[in-house]
Amino acid sequence: MWPLLTMHITQLNRECLLHLFSFLDKDSRKSLARTCSQLHDVFEDPALWSLLHFRSLTELQKDNFLLGPALRSLSICWHSSRVQVCSIEDWLKSAFQRSICSRHESLVNDFLLQVCDRCPNLASVTLSGCGHVTDDCLARLLRCCPRLRALRLENCARVTNRTLAAVAADGRALQTLHVDFCRNVSAAGLRHLRAACPRLALRAEHSAAMLPDQPPRPRAPAAALGKLLPR
(Lines give C-alpha, C1' and ligand atoms only; values in the text may rest on other atoms or scores of the structure.)
Protein backbone atom coordinates (compact mmCIF):
# COMPACT_ATOMS: atom_id res chain seq x y z
CA MET A 1 0.00 0.00 0.00
CA TRP A 2 1.10 3.53 -0.72
CA PRO A 3 2.05 5.50 2.41
CA LEU A 4 -0.51 8.10 3.50
CA LEU A 5 0.75 11.55 2.62
CA THR A 6 -0.21 14.50 4.80
CA MET A 7 0.17 18.19 4.16
CA HIS A 8 -0.04 21.08 6.58
CA ILE A 9 -2.22 23.99 5.50
CA THR A 10 0.77 26.34 5.51
CA GLN A 11 2.37 24.25 2.78
CA LEU A 12 -0.25 25.42 0.32
CA ASN A 13 0.73 28.25 -1.98
CA ARG A 14 -0.74 31.75 -1.65
CA GLU A 15 -3.31 31.27 -4.39
CA CYS A 16 -4.69 28.12 -2.76
CA LEU A 17 -4.82 29.76 0.66
CA LEU A 18 -6.74 32.73 -0.69
CA HIS A 19 -9.17 30.37 -2.37
CA LEU A 20 -9.61 28.47 0.89
CA PHE A 21 -10.18 31.67 2.89
CA SER A 22 -12.78 32.85 0.37
CA PHE A 23 -15.16 30.10 1.52
CA LEU A 24 -15.01 31.18 5.18
CA ASP A 25 -17.12 33.80 6.93
CA LYS A 26 -15.46 36.80 8.57
CA ASP A 27 -15.22 35.25 12.04
CA SER A 28 -13.69 32.03 10.69
CA ARG A 29 -11.15 33.96 8.65
CA LYS A 30 -10.09 35.91 11.73
CA SER A 31 -9.84 32.77 13.87
CA LEU A 32 -7.68 31.01 11.30
CA ALA A 33 -5.49 34.10 10.92
CA ARG A 34 -4.66 34.00 14.62
CA THR A 35 -2.96 30.60 14.31
CA CYS A 36 0.23 31.75 12.57
CA SER A 37 1.83 34.73 10.87
CA GLN A 38 1.60 33.17 7.41
CA LEU A 39 -2.18 32.83 7.63
CA HIS A 40 -2.43 36.30 9.14
CA ASP A 41 -0.72 37.65 6.03
CA VAL A 42 -3.33 35.88 3.90
CA PHE A 43 -6.09 37.44 6.03
CA GLU A 44 -4.65 40.89 5.29
CA ASP A 45 -4.40 40.32 1.56
CA PRO A 46 -6.64 42.96 -0.10
CA ALA A 47 -7.71 40.44 -2.73
CA LEU A 48 -9.67 38.61 -0.05
CA TRP A 49 -11.90 41.58 0.72
CA SER A 50 -13.67 42.51 -2.48
CA LEU A 51 -17.10 41.79 -0.97
CA LEU A 52 -18.46 42.55 2.50
CA HIS A 53 -21.91 41.70 3.87
CA PHE A 54 -23.15 42.67 7.33
CA ARG A 55 -26.34 41.33 8.90
CA SER A 56 -26.36 43.58 11.97
CA LEU A 57 -24.93 46.93 13.01
CA THR A 58 -22.83 45.38 15.77
CA GLU A 59 -20.83 43.54 13.09
CA LEU A 60 -19.54 46.91 11.89
CA GLN A 61 -17.61 47.30 15.15
CA LYS A 62 -15.71 44.02 14.89
CA ASP A 63 -12.11 43.61 13.71
CA ASN A 64 -12.74 40.56 11.55
CA PHE A 65 -12.60 42.32 8.17
CA LEU A 66 -10.53 44.83 6.23
CA LEU A 67 -11.53 47.93 4.29
CA GLY A 68 -9.41 48.79 1.30
CA PRO A 69 -9.26 49.70 -2.40
CA ALA A 70 -10.14 46.11 -3.37
CA LEU A 71 -13.68 46.40 -1.98
CA ARG A 72 -16.21 46.31 -4.81
CA SER A 73 -19.49 45.30 -3.13
CA LEU A 74 -20.84 46.33 0.28
CA SER A 75 -24.17 45.45 1.88
CA ILE A 76 -25.54 46.28 5.33
CA CYS A 77 -28.93 44.63 5.86
CA TRP A 78 -30.33 45.06 9.34
CA HIS A 79 -33.55 43.14 9.92
CA SER A 80 -34.47 43.61 13.57
CA SER A 81 -37.36 44.86 15.66
CA ARG A 82 -35.15 47.85 16.50
CA VAL A 83 -35.39 49.01 12.89
CA GLN A 84 -38.99 50.02 13.59
CA VAL A 85 -37.85 52.10 16.55
CA CYS A 86 -35.18 53.83 14.48
CA SER A 87 -37.75 54.68 11.82
CA ILE A 88 -39.93 56.65 14.24
CA GLU A 89 -39.61 60.40 13.86
CA ASP A 90 -37.19 61.73 16.45
CA TRP A 91 -39.64 64.14 18.05
CA LEU A 92 -42.16 61.31 18.54
CA LYS A 93 -39.77 58.91 20.27
CA SER A 94 -40.09 58.25 23.97
CA ALA A 95 -37.07 58.58 26.25
CA PHE A 96 -36.70 54.81 26.22
CA GLN A 97 -36.80 54.68 22.41
CA ARG A 98 -34.23 57.47 22.17
CA SER A 99 -31.93 55.57 24.51
CA ILE A 100 -32.17 52.49 22.26
CA CYS A 101 -31.30 54.50 19.16
CA SER A 102 -28.44 56.36 20.84
CA ARG A 103 -26.51 53.09 21.10
CA HIS A 104 -26.18 52.67 17.35
CA GLU A 105 -27.47 55.75 15.53
CA SER A 106 -24.01 56.85 14.34
CA LEU A 107 -22.63 53.39 13.48
CA VAL A 108 -23.61 53.25 9.81
CA ASN A 109 -22.66 56.85 9.07
CA ASP A 110 -19.27 56.49 10.79
CA PHE A 111 -18.63 53.23 8.93
CA LEU A 112 -19.55 54.74 5.56
CA LEU A 113 -17.20 57.65 6.19
CA GLN A 114 -14.39 55.10 6.58
CA VAL A 115 -15.52 53.50 3.33
CA CYS A 116 -15.33 56.90 1.63
CA ASP A 117 -11.71 57.29 2.71
CA ARG A 118 -10.50 53.75 2.00
CA CYS A 119 -12.61 52.24 -0.80
CA PRO A 120 -12.56 54.45 -3.90
CA ASN A 121 -13.26 51.53 -6.25
CA LEU A 122 -16.57 50.55 -4.68
CA ALA A 123 -19.10 49.55 -7.34
CA SER A 124 -22.19 48.42 -5.41
CA VAL A 125 -23.77 49.44 -2.09
CA THR A 126 -26.91 48.03 -0.48
CA LEU A 127 -28.34 49.52 2.72
CA SER A 128 -31.49 48.02 4.23
CA GLY A 129 -33.04 49.01 7.55
CA CYS A 130 -30.42 51.69 8.15
CA GLY A 131 -32.78 54.26 9.63
CA HIS A 132 -30.07 56.69 10.69
CA VAL A 133 -28.06 56.94 7.47
CA THR A 134 -28.15 60.55 6.28
CA ASP A 135 -28.29 62.42 2.98
CA ASP A 136 -24.94 64.07 3.74
CA CYS A 137 -23.27 60.70 4.24
CA LEU A 138 -24.67 59.30 0.98
CA ALA A 139 -23.69 62.45 -0.91
CA ARG A 140 -20.11 62.06 0.30
CA LEU A 141 -20.16 58.39 -0.70
CA LEU A 142 -21.16 59.37 -4.24
CA ARG A 143 -18.35 61.94 -4.43
CA CYS A 144 -15.66 59.66 -3.00
CA CYS A 145 -16.61 56.52 -4.95
CA PRO A 146 -16.79 57.68 -8.58
CA ARG A 147 -17.05 54.09 -9.87
CA LEU A 148 -20.25 53.37 -7.94
CA ARG A 149 -22.70 51.73 -10.37
CA ALA A 150 -25.47 50.48 -8.06
CA LEU A 151 -26.95 52.06 -4.93
CA ARG A 152 -29.83 50.19 -3.31
CA LEU A 153 -31.60 51.77 -0.33
CA GLU A 154 -34.50 50.15 1.50
CA ASN A 155 -36.36 51.41 4.57
CA CYS A 156 -33.89 54.24 5.19
CA ALA A 157 -36.12 56.77 6.92
CA ARG A 158 -33.75 59.75 6.80
CA VAL A 159 -33.08 59.57 3.08
CA THR A 160 -34.79 62.49 1.32
CA ASN A 161 -34.81 64.25 -2.05
CA ARG A 162 -31.35 65.60 -1.17
CA THR A 163 -29.94 62.14 -1.89
CA LEU A 164 -31.68 62.19 -5.28
CA ALA A 165 -30.11 65.58 -6.00
CA ALA A 166 -26.69 64.20 -5.02
CA VAL A 167 -27.20 61.30 -7.44
CA ALA A 168 -27.98 63.75 -10.24
CA ALA A 169 -24.91 65.86 -9.39
CA ASP A 170 -22.27 63.25 -8.56
CA GLY A 171 -23.53 59.81 -9.56
CA ARG A 172 -21.90 59.90 -12.97
CA ALA A 173 -21.25 56.15 -13.14
CA LEU A 174 -24.46 55.14 -11.39
CA GLN A 175 -26.64 52.81 -13.44
CA THR A 176 -29.07 51.51 -10.80
CA LEU A 177 -30.76 53.34 -7.91
CA HIS A 178 -33.35 51.82 -5.58
CA VAL A 179 -35.05 53.92 -2.90
CA ASP A 180 -37.68 51.48 -1.69
CA PHE A 181 -39.81 52.26 1.37
CA CYS A 182 -37.94 55.53 1.94
CA ARG A 183 -40.82 57.67 3.13
CA ASN A 184 -39.13 61.06 2.78
CA VAL A 185 -38.52 60.69 -0.95
CA SER A 186 -41.26 62.50 -2.86
CA ALA A 187 -42.86 61.95 -6.24
CA ALA A 188 -41.61 65.37 -7.37
CA GLY A 189 -38.05 64.46 -6.42
CA LEU A 190 -38.29 61.22 -8.38
CA ARG A 191 -39.63 63.07 -11.44
CA HIS A 192 -36.76 65.55 -11.34
CA LEU A 193 -34.20 62.75 -11.08
CA ARG A 194 -35.75 60.84 -13.99
CA ALA A 195 -35.58 63.98 -16.09
CA ALA A 196 -31.98 64.67 -15.10
CA CYS A 197 -30.81 61.05 -15.50
CA PRO A 198 -33.02 59.36 -18.12
CA ARG A 199 -30.72 56.34 -18.46
CA LEU A 200 -30.70 55.59 -14.73
CA ALA A 201 -32.59 52.42 -13.74
CA LEU A 202 -34.63 53.98 -10.93
CA ARG A 203 -36.95 52.08 -8.61
CA ALA A 204 -38.87 53.58 -5.70
CA GLU A 205 -41.27 50.96 -4.41
CA HIS A 206 -43.89 52.59 -2.14
CA SER A 207 -41.60 55.51 -1.27
CA ALA A 208 -43.60 58.39 -2.73
CA ALA A 209 -46.86 56.86 -1.47
CA MET A 210 -45.75 56.80 2.17
CA LEU A 211 -46.44 59.60 4.65
CA PRO A 212 -43.31 61.75 5.05
CA ASP A 213 -42.02 63.00 8.36
CA GLN A 214 -43.95 65.91 9.82
CA PRO A 215 -42.44 68.69 11.93
CA PRO A 216 -43.57 68.75 15.57
CA ARG A 217 -46.62 70.86 16.20
CA PRO A 218 -45.83 74.02 18.17
CA ARG A 219 -47.32 74.06 21.61
CA ALA A 220 -50.00 76.63 22.28
CA PRO A 221 -48.97 79.34 24.77
CA ALA A 222 -50.30 79.04 28.28
CA ALA A 223 -52.58 82.05 27.87
CA ALA A 224 -54.25 80.47 24.86
CA LEU A 225 -54.67 77.19 26.71
CA GLY A 226 -56.33 79.02 29.57
CA LYS A 227 -58.99 80.37 27.25
CA LEU A 228 -59.75 76.86 25.98
CA LEU A 229 -60.17 75.33 29.43
CA PRO A 230 -63.69 75.32 30.92
CA ARG A 231 -64.25 77.65 33.87
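Ala, Val, Leu, Ile, Met, Phe, Trp, Tyr, Cys and Pro count as nonpolar, Asp, Glu, Lys and Arg as charged, and the others, Gly among them, as polar. The structure described here is a predicted model, in which local features need pLDDT of at least 70 and side-chain atom pairs count only at pLDDT 80 or more, while totals for chains, interfaces and linings use all residues. Residues are numbered from 1 along each chain as its sequence is written, and side-chain values use heavy atoms, with hydrogens and water left out.

Of its 231 residues, 41% count as buried (under 20% relative accessible area with a 1.4 Å probe, protein chains only; exposed is over 50%, and partly exposed is in between). Among contacts (heavy atoms within 4.5 Å) with a separation of 6 or more, 66% join residues 24 or more positions apart.

Helix α7 spans residues 135–144, and D135, C137, L138, A139, L141 and L142 are buried in it. These buried residues pack against α6 (107–118), β3 (124–128), β4 (150–154) and α8 (161–170).

L142 also belongs to the lining of the second largest cavity, together with C145, P146, L148, D170, G171, R172, A173 and L174. A cavity is a set of points on a 1 Å grid over the protein atoms alone where a 1.4 Å probe fits but cannot get out, and lining residues have an atom within 4 Å of a point. The volume of this second largest cavity is about 30 Å³, a volume being the space filled by probe spheres set on the points, which are joined across faces, edges and corners. Its lining divides into six nonpolar, one polar and two charged residues.

Four aromatic pairs were counted (rings of Phe, Tyr and Trp, the last by its six-membered ring, with centres within 6.5 Å; planes under 30 degrees apart are stacked, over 60 edge-to-face and the rest tilted). F54 and F65 form an edge-to-face pair, at 5.1 Å centre to centre and 75° between the planes. F54 lies in strand β1 (residues 51–54) and F65 in the loop between β1 and β2 (73–77), so the pair ties together parts that are eleven residues apart in sequence. The ring centres of F65 and F111 are 6.0 Å apart with planes at 65°, so this pair is edge-to-face. Because F111 lies in helix α6 and F65 in the loop between β1 and β2, the pair links parts 46 residues apart in sequence. F54 is buried at 0% relative accessible area, F65 at 10% and F111 at 3%. F54, F65 and F111 form one aromatic cluster.

Conventions:
On a 1 Å grid over the protein atoms alone, a cavity is a set of points where a 1.4 Å probe fits but cannot get out, and a pocket is an open set with protein on both sides within 12 Å along at least five of seven lines; lining residues have an atom within 4 Å of a point. Helices (H or I, at least four residues) and strands (E, at least two) are DSSP runs, numbered from the N terminus.
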